[in-house]
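Thanks, everyone. Let me put the structure up, and then we'll walk through it.

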Amino acid sequence: MSAPSYSLPELPYAYDALEPHISKQIMELHHGKHHQTLFKYVTNLNAALQTQAEAVHTSDITSQVALQTAIKFNAGGHINHSLFWQNLAPAGSDEAESTAAPELIKQIKATWGDEQAFYDAFKATLLSIQGSGWGWLVKSETGKEQRLTIVSTKDQDPVVGKGEIPVFGIDMWEHAYYLQYLNGKAAYVENIWNVINWKMAEERFLNTRTDAFKLLKASI
């Protein structure tokens, strides 16, 4: 009995492209090791899905239930990191300028008053995370109504609620910054704004939930 299989997405830039704000060493470890081999989000997700497929085939309901924690954690890690790589871009590039997201910035100003107030609110959320987690700008859709919110998620919990689209997220696990910033979490939070891919954020803001998660399609 076969199951869907996921793979490590390629980065849309070189490992050193985000320097000096995110070092080459961090990117090599974060992408190549943490996403694929160290925390094994991809490897463990594929293994859990295969075991689940076998359990479904044999009607082993207890095994199916027992696998849900592993599937949630590893699938969340794969989802979050796959989105994260795409919402980064080299500093100074056109994509890293907020002018690449005119409609999103318009909505940000309507929600928070101005860009600085938005940055301050987002930074406050990021720095309030205890332990490991993520900070997200989320577009929520209810009927024809749209609104932006800043939320945090614990560990590798993804933003997958009904009508929710993760516009961009920031990884606040220590492995995302510690080799470069040590315990200077606030400096990491300050500097990462230089490498946010606003062009990608605009695309996610304007498009659908399906579009946001299309990079996560599995092979069968």
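Start with one side chain: is Lys72 buried or exposed? Lys72 is exposed, with a relative accessible area of 51%. Keep in mind that this is a predicted model.

Now, the partner. Lys72 meets Asp157 in a salt bridge, at 3.8 Å from N to O. Asp157 is partly exposed, at a relative accessible area of 29%. This pair links distant parts of the chain. Lys72 is in helix 4, residues 68–86. Asp157 is in the loop between strand 2 (145–154) and strand 3 (164–171). The two are 85 residues apart.

How many salt bridges does the structure hold? Four. I'll take two others from that set.

Next, Lys106 and Glu103. Their closest N and O atoms are 3.6 Å apart. Both sit in helix 5, residues 102–112. They are three residues apart there, so about one helical turn separates them. Lys106 is exposed, with a relative accessible area of 51%. Glu103 is partly exposed, at 33%.

Then Glu141 and Lys139. Here the N to O distance is 3.3 Å. Which side chain of this pair is buried? Lys139, with a relative accessible area of 1%. Glu141 counts as partly exposed, at 32%.

On to the nonpolar side. The largest nonpolar core has 48 residues. Those with the most contacts inside this core are Leu104, Phe118, Leu137, Phe168, Tyr188 and Trp198. Take Leu104. Leave aside its neighbours within four places in sequence, and what does Leu104 contact? Leu137, Leu148, Val167, Trp198, Ala201, Glu202 and Phe205. Another core lies apart from the largest one. That one has eight residues, among them Leu49, Ala53, Ile71 and Ala75.

Last stop, Ser98. Where is Ser98 placed? In the loop between helix 4 and helix 5. Is Ser98 buried or exposed? Its relative accessibility is 19%, and buried means under 20%, so Ser98 counts as buried. Setting aside residues up to four places away in sequence, Ser98 touches Ile105, Glu115, Tyr119 and Trp198. Trp198 also came up among the residues with the most contacts inside the largest core, and in the contact list of Leu104.

That's my tour. Over to you.

Notes. Residues are numbered from 1 along each chain as its sequence is written. This is a predicted model: local features need pLDDT of at least 70, side-chain atom pairs count only at pLDDT 80 or more; totals for chains, interfaces and linings use all residues. Side-chain values use heavy atoms; hydrogens and water are left out. A nonpolar core is a set of buried Ala, Val, Leu, Ile, Met, Phe, Trp, Tyr and Cys residues joined through side-chain atoms within 4.5 Å. Buried means under 20% relative accessible area, exposed over 50%, partly exposed in between (1.4 Å probe, protein chains only). Contact means heavy atoms within 4.5 Å. A salt bridge is a side-chain nitrogen of Lys or Arg within 4 Å of a carboxyl oxygen of Asp or Glu. Helices (H or I, at least four residues) and strands (E, at least two) are DSSP runs, numbered from the N terminus.
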